[in-house]
Amino acid sequence: MSTDFFLIAAIVAAVMALGLAVVFARQVLAMDRGSDVMVSISNAIREGADAFMRREYTWVAGFIVILAVLIAALLPDGGWKAAAYVFGALLSGGAGFVGMRIATAANSRTTEAARTGGVAKALPVAFRGGAVMGFTVAGFGLLGVALGFWLFNTELLGIGNLDATWADVLAAIGLGGSSIALFARVGGGIFTKAADVGADLVGKVEAGIPEDDPRNPATIADNVGDNVGDVAGMGADLFESYVGSLVAPIVYAVIVFQGSSFLSGTVIFPLAVAALGMLASIASSFLVRATGENLAAGLHRGTWAASGLTALGVLGLSFWIFGGDQGVANPIGLFVAVVIGLVVGMAVGQISEWFTSDHYKKVKEIARQSETGAATVILAGIAEGMRSAAFSVMVVAVGIFGAFWAGGWALGDGGGVYGVAIAAIGVLATLGITVAVDAYGPIADNAGGIAEMAHLSPDVREATDALDSLGNTTAAMAKGFAIASAAVTALALFSAFTQAVRLESIDLTHVGTIVGLFLGAMFPFLFAAMTINAVGRAANKMIEEVRRQFREIPGLREGREGVKAEYGKCVDIATGAALREMVLPGALAILFPIVIGFIDVEALGGFLAGALVTGFLLAIYMANAGGAWDNAKKFIEAGAFGGKGSDSHKAAVIGDTVGDPFKDTAGPAMNIVIKVMTIVSLIFASAFIA
């Protein structure tokens, strides 16, 4: 077994993924953009998204510089770690920016495809736009870790005698991705939901204006938000998840398996599995197409095929890498651990679909509750979100137990946690196509907005609404994938942290541990409260601005010809609010573990354990409750329980606005929070015990 061979294979697979992203981008850009009105609307959305991204990255760059200086100053070999940290941040930011640029280019092209060929023609355009995001995220992630492996592994290149292991430096790449993801997800989430809530409550509920009507001043900001939150923010989020899932088993193996005959195998195995999953995703992406009226089947075909091909490949890979090593009793155990990860990811995703798709009973029941008002809609959504968290936790718990057993069966002592860590790679091995299926949703949403604003025929909006409804479900499924991987990845990083600080157990009789446990369990609630309040404050300003324009611009509300809304003011409100509000919660997530770690590492151990459990539960609950409310509203808009404009519809819109910050701001940020705190603790471990 040659380490170099699998390292080169990972780099080649990453380059192939980036090449496919270029191919899909060219195919999208070659499509017709539609009429001049459609092009004008699309350009306005792109300009707003570009402006926000530039300002957001300028703000975040300052934070990155400060943390890089702290890393360089406080840690042994801090210069290498700071360089790796900045490298990871650049890759994460680049992945989000590329995905956003193509998404804003694909929106009007999807609308035009729906106008000329219906759903069958529009689905491939939206999917390819999302696939650019998917394969850019996965390609940059795998390439970053593989290059980091190559550059910072002193055995390969001999770049210097580092006091810390090269794996500690590699972990800094993950922290760079986590830092960008945290701010991108929070900032983008605040922007998109402030605009969405303002547009819905004033436009739909007060003024009785359809969604995305050009009379609504917040509609351009709403469509900009889809791109900066659900594309760029989500891309940075899943980049961080993917890199974290690769780094965790490598760091753990270097710490725990030093001196063992299978050390090199356990270090390279995660990259080999990721390369295999990448190739399977590339092949399966060509299987996605519309199948009659069952759009979900067309998208799921690619995901299932990628998972199946990956599972078959890992079986051979396990014996190839570990079959000749006498220290590995049962190489097939590592295959079992990865497959458990694949199954857990698909199962959590399926649970999310059951609880968020209007094809199933639960969302229809939430929609039915709208007949008795907004309160019962909200109660039903909260209950179903909590119930989905219970089912998801049971699946993940069984998966962790199974992966732990499989890893121990294969490698003996220390192998259990390694099995859990590579199960996380199983969850995200097919990330390229998973993100592609997810990112197509915001493109379809934008396409529907353009159809409405350009006054296209109702059948075009029906086609884009069908794509958008499925997009809400696939987004919930992708969030389930990301959150499930976050739980098992954070557990592996936590185990590596305890090894690094020589914390053999978490002693619940130690007062510092108890204090840390309570603080950790509290922090996800505090973080969620801060981000949801931020959306509320920003939405309040948006609502007042929309009301002002309806009140002060003659003929706007009535749709008088030649009268236009002042869209730019709403974009400015959302941008300013997002940038102001993202700083404090993001900074606290990084600074809390650093401060606690310098006081007491046992307290930090309790803090991380508490945050992991409550953060995971909150993430699942909020993501699925929000998705269920959104699709219950769309189910009514399709004609159920009185349809658009009815009292039931107004009640469902209120439920949807409550769910907006749940599913697109606070919920998705949770999986980043639990990992960023753990990886910060791991990187600063040497300073804590010094």
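**Salt bridges and a helix pair**

Modeller: Let's start in helix 18, where Asp660 and Lys663 sit three residues apart, about one turn of the helix. Keep in mind that the model is predicted.

Colleague: How far apart are the closest N and O atoms of Asp660 and Lys663?

Modeller: They are 3.9 Å apart, and the two residues form a salt bridge. The cut-off is 4 Å.

Colleague: Buried or exposed, Asp660 and Lys663?

Modeller: Asp660 is buried, and Lys663 is buried too.

Colleague: Which residues do salt bridges with shared partners join into one network?

Modeller: The network links Lys193, Asp196, Asp630, Lys633, Lys634, Asp656, Asp660, Lys663 and Asp664.

Colleague: How do Lys193 and Asp664 meet?

Modeller: Through their side chains, in a salt bridge of 3.0 Å, N to O. Lys193 belongs to helix 5 (residues 166-206) and Asp664 to helix 18 (residues 647-683), so this pair ties together parts that are 471 residues apart in sequence.

Colleague: And are Lys193 and Asp664 buried or exposed?

Modeller: Lys193 is buried, and so is Asp664.

Colleague: How many salt bridges turn up in the whole structure?

Modeller: The search finds 21.

Colleague: Give me another. What does Arg368 form with Glu365?

Modeller: A salt bridge, with the closest N and O atoms 2.6 Å apart. Both residues are in helix 10 (residues 361-369). They are about one helical turn apart, because three residues separate them along that helix.

Colleague: What is the relative accessible area of Arg368?

Modeller: It is 39%, so Arg368 is partly exposed. Glu365 comes in at 29% and also counts as partly exposed.

Colleague: Switching to packing. At what angle do the axes of helix 6 and helix 7 cross?

Modeller: Roughly 165 degrees, and the axes come within 7 Å. Helix 6 covers residues 219-256 and helix 7 covers residues 263-284. That angle makes helix 6 roughly antiparallel to helix 7.

Colleague: Left-handed or right-handed crossing for helix 6 and helix 7?

Modeller: The crossing is right-handed.

Colleague: Which residues make the contact?

Modeller: From helix 6, Tyr242, Leu246, Pro249, Ile250, Ala253 and Val254. From helix 7, Leu263, Thr266, Val267, Pro270, Leu271, Ala274 and Met278.

Colleague: How many nonpolar, polar and charged residues are in the contact of helix 6 with helix 7?

Modeller: Twelve are nonpolar, one is polar and none is charged.

Notes: Residues are numbered from 1 along each chain as its sequence is written. This is a predicted model: local features need pLDDT of at least 70, side-chain atom pairs count only at pLDDT 80 or more; totals for chains, interfaces and linings use all residues. Side-chain values use heavy atoms; hydrogens and water are left out. Helices (H or I, at least four residues) and strands (E, at least two) are DSSP runs, numbered from the N terminus. Buried means under 20% relative accessible area, exposed over 50%, partly exposed in between (1.4 Å probe, protein chains only). Axes are lines fitted to C-alpha atoms, for helices over the stretch in contact, and angles run from 0 to 180 degrees between N-to-C directions. Angles under 35 degrees count as roughly parallel, over 145 as roughly antiparallel, 65 to 115 as roughly perpendicular and the rest as oblique. A crossing is left-handed if the near helix is turned anticlockwise from the far one by less than a right angle, and right-handed if clockwise. Contact means heavy atoms within 4.5 Å. Ala, Val, Leu, Ile, Met, Phe, Trp, Tyr, Cys and Pro count as nonpolar, Asp, Glu, Lys and Arg as charged, and the others, Gly among them, as polar.
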